Amino acid sequence: MNISINLASKKTRHAVLKPSSNPPIIFTPGEKIRDQTGFMRGHGTYVSAGSLKATVAGVEQNINKLVTVSPLRCRYNGEIGDVVIGRITELVHKRWKVDINARLDAVLLLTSIQLPGGELRRRGMEDEQSMRSYLSEGDLISAEVHSVFADGSLSLHMRSLKYGKLGQGVLVKVQSNLIKRSKNHFHNLSAGVSVILGNNGYIWIEPTNDNKDPVGFEVDLQQVIEIGDRQTISRVRNVVLALSYYKMLIYDTSIQYALEESNKYTVSDLLTAEACYDIVNLTRHRLQAMDE
């Protein structure tokens with residue numbers, strides 16, 4: 001068995017992002033941004049001694065006279081229509097609490113799911129007593145943000161057939177601002193796996209299944225996944241983590257390009273820094289060539 005050992009002093013983090021002639025200025029908490037005269041205070045700022053100062057580490061953004069500071073890393077702030085992946089944490093009165101990598105747990109109401117069999121009727125006491133048979137603590141789900149409450153928490157719904165309970169697969173967590181917003185967040189890759197890119201930074205990778213339950217509550221956790229599918233899932237997972245490490249936008253095209261460039265490496269080799277840098281750098285060049 002070959003073992004590769006690198007000294008910490010030899011490890012370097014190469015930059016793969018396109019160099020910019022005007023890099024953004026990063027403000028630290030308490031640092032002066034500008035004088036308040038003629039400007040309004042926005043999110044991420046406060047007023048002290050007649051000056052606007054940053055409350056978070058981030059970059060300045062101006063909208064007319066409104067000055068805000070966008071943090072480099074933060075919890076997920078949901079918007080209506082976002083596709084999210086979450087984990088059921090608690091069952092309360094006619095609702096589920098869902099962890100979606102946000103500041104507060106989201107809420108999934110009993111009336112916001114599609115009943116088994118696609119029945120369209122009022123939810124009664126019997127449905128409330130059967131909630132745990134639909135979704136229980138620890139289950140992973142895909143859903144859509146339906147509304148935002150006054151305290152910032154989110155309300156989810158699963159009324160579409162594409163949402164539901166997730167079965168066998170791998171959950172990958174990345175920064176939510178690395179997920180590129182698009183019309184479709186459900187993708188079937190050419191390698192034979194499907195990915196769900198949650199706007200909250202959770203990515204679900206599973207083997208493509210054409211016989212999936214249309215209602216979305218019945219999953220077969222006893223099914224044996226073929227070794228080839230498991231290796232492909234692991235390859236996609238390692239590729240996504242490489243893109244995340246070098247702060248590249250994650251969407252279907254970037255994953256597909258990186259997956260194609262990774263074919264010259266084994267799945268275990270994708271865990272090395274050299275392979276990750278090579279794959280991400282080649283992916284960046286292909287994306288730039290496509291945009292030109």
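Reader: In what order do the strands of the open sheet run?
Author: Keep in mind that this is a predicted model. The open sheet has 4 strands in the order β1-β6-β7-β3, and the pairing is mixed.

Reader: Which ones are the edge strands?
Author: β1 (26–27) and β3 (40–41), each of which pairs on one side only.

Reader: And are β3 and β7 parallel or antiparallel?
Author: β3 pairs with β7 (residues 66–71) in the parallel sense, over 2 bridges. Arg41, for one, has Val67 in β7 as its bridge partner.

Reader: OK, switching topic. What's in the largest nonpolar core?
Author: It has 30 residues, and Trp96, Val98, Ile100, Leu108, Leu156 and Met158 have the most contacts inside it. Several elements supply at least two residues each, including β9 (95–99), β10 (106–113) and α2 (131–134). β8 gives the most, with 5 residues.

Reader: What does Leu108 touch, leaving aside its neighbours within four places in sequence?
Author: Its contacts include Trp96, Val98, Ile141, Leu156 and Met158, along with Arg95 and His157. There's also a second, separate core of 28 residues, with Val172, Ile179, Val193 and Ile203 among them.

Reader: How about pockets: what volume does the largest one have?
Author: About 920 Å³. It is lined by 30 residues, and Ser70, Pro71, Leu72, Cys74 and Asn177 are the closest to its centre.

Reader: Which element gives the largest share of that lining?
Author: β7, with 5 residues. So that strand turns up again: β7 also pairs with β3.

Reader: And how does the lining divide by residue type?
Author: Into 15 nonpolar, 11 polar and 4 charged residues.

Terms used:
Residues numbered from 1 in each chain as written. Predicted model: local features only at pLDDT ≥ 70, side-chain atom pairs only at ≥ 80, totals over all residues. Heavy atoms only, no water. Pairing = 2+ DSSP bridges. Core = buried A, V, L, I, M, F, W, Y, C linked by side-chain atoms within 4.5 Å. Buried < 20%, exposed > 50% of the residue type's maximum accessible area, 1.4 Å probe, protein only. Contact = heavy atoms within 4.5 Å. 1 Å grid on protein atoms, 1.4 Å probe; cavity = no way out; pocket = protein on both sides within 12 Å on 5 of 7 lines; lining within 4 Å. Points joined across faces, edges and corners; volume = space filled by probe spheres on them. Nonpolar A, V, L, I, M, F, W, Y, C, P; charged D, E, K, R; others polar.
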